[in-house]
Amino acid sequence: MNINKIKTRILYVVATPIGNIKDITYRAIHILKTVQLIAAEDTRHTQNLLNHFNITTKMISLHKYNEHKITNKIIFLLNTKNIALVSNAGTPAIHDPGYILIHACHKENITVIPIPGPCALIAALSASGLPGDNFYYKGFLPKTTLSRKKILLHIQNIKETIIFYESCHRILYSIQDIVSYLGENRIIVLVKEITKIWERIKYGKAVDILTWLKKDDLRQKGEMVIIISGMNNHNNIIPIKVQRTLSILIKTLKMKQAIQLTALIHKIHKNQIYNYAIKKFLHDKK
Ligand code: SAM
């Protein structure tokens with residue numbers, strides 16, 4: 001393809017680095033240099049990138065708070081200009097502003113061209129060692145405990161690899177909830193600070209990742225992606241201590257009560273032991 005031939009009425013969706021500034025493609029630099037305008041999530045942030053590559057293209061701000069308002073203006077400008085859309089880091093519109101504008105472009109028959117590059121969730125998945133042929137990406141885990149519980153219970157039985165973006169402020173709570181609702185044996189890959197100095201990939205059981213994080217506050221810092229193994233026979237093993245409690249309680253209590261009490265004693269969610277209990281004890285209890 002001849003990348004020098006610039007047509008009009010094109011919105012380029014340009015991925016930018018998620019840490020290491022060298023992770024930008026030749027094509028991305030070329031497009032950012034040759035378009036007439038760049039729509040940036042934070043113009044001051046993007047200015048650093050432009051300075052680094054001697055790009056002098058003018059910018060307009062498009063962030064999540066003005067996206068609705070600015071979209072009409074950009075659509076109008078696209079009549080005479082080609083415009084590149086960038087976010088602060090990674091691929092625009094992937095949990096970043098952009099989709100409203102892109103949607104409007106399609107409706108107005110304006111050509112949209114992606115300029116592929118870094119994306120934290122894809123980079124993390126690619127290095128996770130978990131199946132990447134089928135995955136479930138759910139953005140950020142919710143901020144409140146109750147909403148987090150709801151999402152985790154909703155996804156607890158899905159077999160696909162699960163991906164969440166996470167903030168350093170909530171990582172401990174989120175991993176704690178994963179232990180509680182998906183089980184301490186669920187395999188997690190915590191992928192931190194991709195392409196940066198403190199890059200770290202920690203693979204292990206949910207309970208071990210929690211212990212690792214608690215050991216050193218610095219481990220809770222930085223940008224991170226949580227990759228969770230889908231439900232399978234290996235990660236749904238009920239710990240021996242839980243099995244023991246359940247088998248003692250079930251002798252004197254009804255199944256439902258025994259499950260509830262076991263869950264309470266071991267601070268885990270009852271759903272985690274429900275299937276195990278049904279398989280193991282339903283026959284005896286009949
Ligand atoms: N559009 C971006 C992309 O393509 O990756 C994602 C934007 S989202 C608002 C920001 C989140 O992505 C961060 O909170 C973190 O969960 C994840 N993230 C971004 N950069 C990262 C990095 N270098 N290492 C690990 N996670 C990162």
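Reply: A salt bridge here is a side-chain nitrogen of Lys or Arg within 4 Å of a carboxyl oxygen of Asp or Glu. The model is predicted, so local features need pLDDT of at least 70, side-chain atom pairs count only at pLDDT 80 or more, and totals for chains, interfaces and linings use all residues. Residues are numbered from 1 along each chain as its sequence is written, and side-chain values use heavy atoms, with hydrogens and water left out.

Me: How many salt bridges does the search of the whole structure find?

Reply: The search gives 4 salt bridges. One of them joins arginine 148 to aspartate 177, with 2.7 Å between the closest N and O atoms. Because arginine 148 belongs to helix H6 (residues 145-155) and aspartate 177 to helix H7 (residues 171-182), the pair ties together parts that are 29 residues apart in sequence. Helices (H or I, at least four residues) and strands (E, at least two) are DSSP runs, numbered from the N terminus.

Me: Are arginine 148 and aspartate 177 buried or exposed?

Reply: Both arginine 148 and aspartate 177 are buried. Buried means under 20% relative accessible area, exposed over 50%, and partly exposed in between (1.4 Å probe, protein chains only).

Me: What does arginine 170 pair with?

Reply: Arginine 170 forms a salt bridge with glutamate 166, the closest N and O atoms lying 3.7 Å apart. Arginine 170 counts as buried at 15% relative accessibility, and glutamate 166 counts as buried at 4%.

Me: Turning to the ligand, which residues come nearest?

Reply: Thr91, Ile94, Asp96, Ala120 and Met224 come nearest, of 19 residues around the ligand; the cut-off is a heavy atom within 4 Å.

Me: And the polar contacts?

Reply: A polar contact is a pair of N or O atoms within 3.5 Å; within protein, one must be able to donate a hydrogen and the other to accept it, and residues adjacent in sequence count only if both atoms are side-chain atoms. A backbone N or O atom of isoleucine 94 is 2.7 Å from a ligand nitrogen. An N or O atom in the side chain of tyrosine 165 lies 2.9 Å from a ligand oxygen. For glutamate 166, a backbone N or O atom is 3.3 Å from an oxygen atom of the ligand.

Me: How accessible is tyrosine 165 itself, buried or exposed?

Reply: Tyrosine 165 counts as buried, at 10% relative accessibility.
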